Amino acid sequence: MDELVNKTVSVVTSDGRNMMGILQGFDQTSNIILTQCTQNVYIPGQRELEQIPLGSYIIRGTSVTFIGEVDQEKFLSLKIDPALAVGIKSINNR
Amino acid sequence: MLFFSFFKTLVDKEVIVELKNEVSLKGTLHSVDQYLNIKLNNVEIVDEQKYPYLGCLKNCFIRGSTVRYIQLPAADVDTDVLQDATRKEHQVNKK
């Protein structure tokens, strides 16, 4: 995960939230620190993402589903077809 | 540790990882670690129409605990060897 440090990443959590921020650090159990974090909320039926600024966040590893490096250009030219797009489900592992 | 070694033999192959939240990610396997956390390069979301906002990812790190299935390239898996290896590991663990 070293190569993702200081890059803008998108993190999907186990409850289906999608946060975007700059990865500052991580550890063995994939606890992560994000700065300039925003939560990207997709409300079904809409054409755009809603971005909620959150500030700095620590996300516990157990609630991380996946972390991806964001291609900014693609993100800015994002097109959403509201007829097909849905939110991300949560993981029920308890 | 058998499956850790097995996944290491699949590095640089194309796989589809299905997660427990029903998102599927297709990409080139870059690396695996002891927790079966997976790193994929050249990621595509399989059902991109459903999750267009995830389509802007270049590479990703997937936490092993959230994986449900991994679809493997059939040509790159020798099931006979894998079966023998699982039996051997089972024998060792019994002793």
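## Chain A at a glance

Chain A exposes about 5,200 Å², and carbon and sulfur atoms supply 49% of that area (areas come from the Shrake-Rupley method with a 1.4 Å probe; for residues, only the protein chains shown count as cover). Keep in mind that this is a predicted model, where local features need pLDDT of at least 70, side-chain atom pairs count only at pLDDT 80 or more, and totals for chains, interfaces and linings use all residues. Residues are numbered from 1 along each chain as its sequence is written, chains are lettered from A and ligands numbered from 1 in the order in which they are written, and side-chain values use heavy atoms, leaving out hydrogens and water.

Helices (H or I, at least four residues) and strands (E, at least two) are DSSP runs, numbered from the N terminus. Of the 94 residues of chain A, 43% count as buried; buried means under 20% relative accessible area, exposed over 50%, and partly exposed in between (1.4 Å probe, protein chains only).

## A core built from two chains

The largest nonpolar core has 34 residues, and Phe66(A), Leu25(B) and Leu40(B) are among those with the most contacts inside it. Such a core is a set of buried Ala, Val, Leu, Ile, Met, Phe, Trp, Tyr and Cys residues joined through side-chain atoms within 4.5 Å. Strand 5 (64–70) of chain A gives two or more residues to this core, and so do elements of chain B including helix 1 (2–8) and strand 2 (24–32). Strand 3 of chain B gives the most, with four residues.

Apart from it lies another core, of 13 residues, including Leu23(A) and Phe61(B). What's the general idea here? In soluble globular proteins, nonpolar side chains tend to be buried together.

## Salt bridges, within and between chains

A search of the whole structure finds six salt bridges over all chains (a side-chain nitrogen of Lys or Arg within 4 Å of a carboxyl oxygen of Asp or Glu). In one of them, Lys39(B) pairs with Glu3(A), the closest N and O atoms being 3.1 Å apart. Lys39(B) sits in strand 3 of chain B and Glu3(A) in the segment before strand 1 (8–13) of chain A, so this pair joins two chains. Lys39(B) counts as buried at 16% relative accessibility, while Glu3(A) is partly exposed at 40%.

Lys58(B) also has a partner, Glu69(A), with the closest N and O atoms 3.3 Å apart. This pair crosses between chains too, from strand 4 of chain B to strand 5 of chain A.
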